[in-house]
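User: I'd like to learn how to read a few features of a protein model, one at a time. Could you walk me through them, general idea before the case?

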Amino acid sequence: MKTRYIILPLLMLCTAVAAQDNIKTHQHAEDSTDVFFRHLNLNEVTVTGVTGDTKLKHATAPVSIVTPQILKATASTNIIDAIAHQPGVSQLTTGGSISKPIIRGLGYNRVVVMSEGVRQEGQQWGDEHGVEVDGSSVGSVEILKGPASLMYGSDAMAGVVILHPQPTLAEGEMQANMSTEYQTNNGLFAYNLSIAGNQKGFVWNARYSAKMAHAYKNKYDGYVPGSQFRERAGRLMLGLNKAWGHSRLTGTIYHLTPGIIEGERDPETGELVHEEGFTGHSYGKQLPFQQVKHYKLVWDNSLNLPTGYLKAIIGYQQNRRQEFEESENDYELYFKLHTLTYDLRYVTNEWEGWKLSTGIGGMYQKSGNEGEEYLIPDYRLFDFGIYATATKALGEHWTLSGGVRYDHRRLHGDELIEDNALRFQDFSRHFNGLTGSIGAVCNINEHFNIRLNLARGFRTPNMSELASNGVHEGSIRYELGNQQLKAEYSLQADLGLDFTSRYVSAQLALFANRIDNYIFTHRIPGEIEEGYLTYAYTQGDARLLGFEAGIDLHPIHSLHFSNTFSYVDARLTSHHSPLTSENKYLPFTPAPRWSSELKWELFHHSHTTLGHHHTSDAAHRSLFNNLYIAAGLDCYLKQTHIHSADDTETATPGYALLSLSAGTDIQVKGKKIAEFYITADNLLNKAYQNHLSRLKYADENVVTGRRGVFNMGRNITFKLVIPIQI
């Protein structure tokens with residue numbers, strides 16, 4: 001916690017620097033690499049995840065923006081992997097293709113992922129169930145930290161990840177895009193093709209992408225059987241953009257075939273067990289594996305009114321998840337989930353500093369088992385919520401915001417008799433929640449902002465937590481639910497300090513979160529089914545404290561030295577069993593992380609003045625533009641704050657990962673014809689296990705004494721993007 005006492009004096013020092021910095025000297029920034037100019041532009045970004053649409057600088061809750069440029073320049077295997085380097089954001093991983101977002105130590109159904117304007121619903125209760133969204137279709141990402149969003153209801157307790165699609169083009173434009181990517185460690189090869197246009201208000205966007213990878217490798221395990229995967233995705237959007245508003249219909253198809261990493265080892269050699277003929281270089285399916293198919297249809301409408309706008313979104317999703325263990329043609333486990341979501345929202349224009357929004361939304365779900373094995377029962381879910389929010393600008397410096405929401409959710413699980421024995425009971429549960437938030441932001445001057453927010457969150461237990469009774473192959477364990485679980489309630493306070501000057505940018509975000517009835521799994525002795533550890537769901541009261549701190553030093557216009565530090569301390573405050581040193585910490589809390597990057601922008605010939613873009617003569621003569629090189633270091637401290645009772649989880653030693661990257665626009669006669677990026681991750685080929693990797697708990701290597709499977713070794717990524725103006 002010493003870092004907190006270092007950052008606070010640093011912010012005071014930065015304020016003194018600002019007093020000597022004349023803001024008027026920035027009326028014409030030197031170029032877009034000027035950190036102060038970029039900060040001003042970012043402050044003008046409109047965010048949608050708070051009270052309606054608002055400027056980022058007026059948001060009382062902590063919000064992070066991942067820009068299109070960051071997404072393109074980041075090497076990743078899925079969209080959550082691409083944003084997991086943001087302060088306060090982590091990922092729970094199972095191999096290379098599956099990642100789940102963790103925000104400030106909370107994940108699973110406590111994080112809502114929004115895609116195409118609706119909440120992504122696809123069996124996200126599972127450890128190895130990722131987010132079924134094509135990363136190439138995402139234009140930018142908005143991350144809300146904490147229960148500050150009143151428009152998403154139950155499950156948005158930890159935060160919201162909003163995956164924004166590529167924006168529609170301006171009137172009269174047509175554009176195509178091709179990109180391809182290759183990664184050396186797992187042989188990942190990916191490509192995507194897209195075409196979009198806007199002719200007299202008729203807009204369209206079509207995209208197809210594909211990705212395949214063989215098994216990844218590291219220096220301890222060699223090639224890891226089951227880590228190969230294939231992915232295919234398509235998207236088609238058709239719509240109208242008119243003066244009265246817009247109406248758009250979007251359909252997406254997503255297919256993922258990931259292998260299942262079992263981590264079994266030869267009892268004599270300690271090597272990972274694999275199918276006969278396994279070489280590590282095969283892109284084909286190998287048993288066991290999963291087949292995940294996700295289909296989505298969204299109708300998005302917005303009507304401009306004299307006093308504001310009315311927005312209505314209806315979405316249908318179907319998620320199919322199959323597990324193949326003995327044969328490629330016969331599945332053992334098969335979940336089919338149908339989800340219908342609806343959202344009706346009215347947002348007023350601003351008048352006399354006021355802006356109001358109100359809405360109603362909810363969903364209906366039906367899930368069925370169509371396989372021979374069972375983990376959760378067939379179930380139906382219905383919920384709805386109604387909310388109202390308001391913001392008020394007080395003069396030039398203060399903005400207040402707040403709101404209330406009421407939610408109702410009903411679940412019903414069906415009975416199942418298997419082999420004359422009761423597998424699942426017939427039961428129903430009803431939950432009601434009243435939540436709200438209130439916050440304020442003070443823009444002291446153009447350098448310094450202070451934000452304060454207090455929010456109450458609400459989450460109902462999901463069907464897995466209530467009624468699981470079976471083997472979960474992907475997480476290598478047997479799970480038992482608890483029908484008596486209560487709903488979770490949280491109360492979180494946030495304090496944020498932002499500072500920007502010509503040479504320094506710094507941020508500090510502190511949070512304190514108390515959660516009543518926190519639900520988690522713990523290991524229980526014995527085995528219900530041979531070869532699988534048994535875990536059961538329980539709950540207790542908890543508290544989480546932590547912060548994210550960041551500073552960007554910018555001594556000259558082309559050089560950046562950025563540093564961020566994220567920390568969470570999560571503990572139980574009460575439980576049905578006495579709290580000891582072995583069970584007082586919440587399980588699976590991210591390790592403290594320090595990330596540092598030194599970036600040098602060598603060539604940037606475009607000059608930007610007050611929002612207008614000019615191209616210099618040098619730009620026409622140069623082959624490269626926006627050329628940069630960067631070195632990064634991610635240091636994960638050891639995590640010893642673990643729930644070690646009954647060997648639920650184990651401590652993780654610290655480690656550091658070095659990366660190098662470079663990127664440039666390639667242009668001819670001043671016209672950009674391509675973008676090229678190269679990134680070398682884990683440059684020193686460090687063998688490590690992330691604390692949130694589910695593969696840590698696989699079999700022990702009897703020869704080396706190491707338990708579990710390690711993460712990916714050195715990986716070099718090459719990415720080429722070719723825009724085509726039609």
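This is a predicted model: local features need pLDDT of at least 70, side-chain atom pairs count only at pLDDT 80 or more; totals for chains, interfaces and linings use all residues.

User: How is confidence expressed, and what is the mean pLDDT here?

Analyst: pLDDT is the predictor's confidence in each residue, from 0 to 100. The protein has a mean of 87, with 90% of its residues at 70 or more. Residues 1–37 fall below 50, and beyond near neighbours in sequence this stretch has 70 contacts in the model; a contact means heavy atoms within 4.5 Å. Residues 606–614 are also below 50, with 19 such contacts.

User: How do I read an aromatic pair, and how many does the structure hold?

Analyst: A pair of aromatic rings is described by the distance of the centres and the angle of the planes. Rings of Phe, Tyr and Trp (its six-membered ring) pair if their centres lie within 6.5 Å; planes under 30 degrees apart are stacked, over 60 edge-to-face, and the rest tilted. The structure holds 17 aromatic pairs. In one of them, Phe-289 and Phe-324 are stacked, at 4.8 Å centre to centre with 15° between the planes. Phe-289 belongs to strand β17 (residues 289–305) and Phe-324 to strand β18 (residues 308–324), so the pair ties together parts that are 35 residues apart in sequence. Helices (H or I, at least four residues) and strands (E, at least two) are DSSP runs numbered from the N terminus. Phe-289 and Phe-324 also form one aromatic cluster with Tyr-331 and Tyr-334.

User: Which residues have the most contacts inside the largest nonpolar core?

Analyst: A nonpolar core is a set of buried Ala, Val, Leu, Ile, Met, Phe, Trp, Tyr and Cys residues joined through side-chain atoms within 4.5 Å. The largest has 30 residues, and those with the most contacts inside it are Leu-71, Ile-83, Val-141, Val-161, Leu-163 and Leu-544. Elements giving it two or more residues include α4 (79–83), β6 (111–115), β8 (138–145) and β9 (159–165). A second, separate core of 21 residues includes Leu-333, Phe-427, Met-463 and Ile-519. Leaving aside residues up to four places away in sequence, Val-161 touches, among others, Ile-83, Val-112 and Val-141.

User: And the sheet: in what order do its five strands come?

Analyst: Strands of a sheet pair through backbone hydrogen bonds, either parallel or antiparallel. Two strands pair if DSSP finds at least two bridges between them. Here the five strands form an open sheet in the order β3-β8-β9-β6-β7, with mixed pairing. Since β3 (63–66) and β7 (118–119) stand at the edges with a single partner strand each, one side of each is left without a neighbour in the sheet. Five bridges join β6 to β9, which run parallel. Val-112 has Val-160 in β9 as its bridge partner.

How values were computed. Residues are numbered from 1 along each chain as its sequence is written. Side-chain values use heavy atoms; hydrogens and water are left out. Buried means under 20% relative accessible area, exposed over 50%, partly exposed in between (1.4 Å probe, protein chains only).
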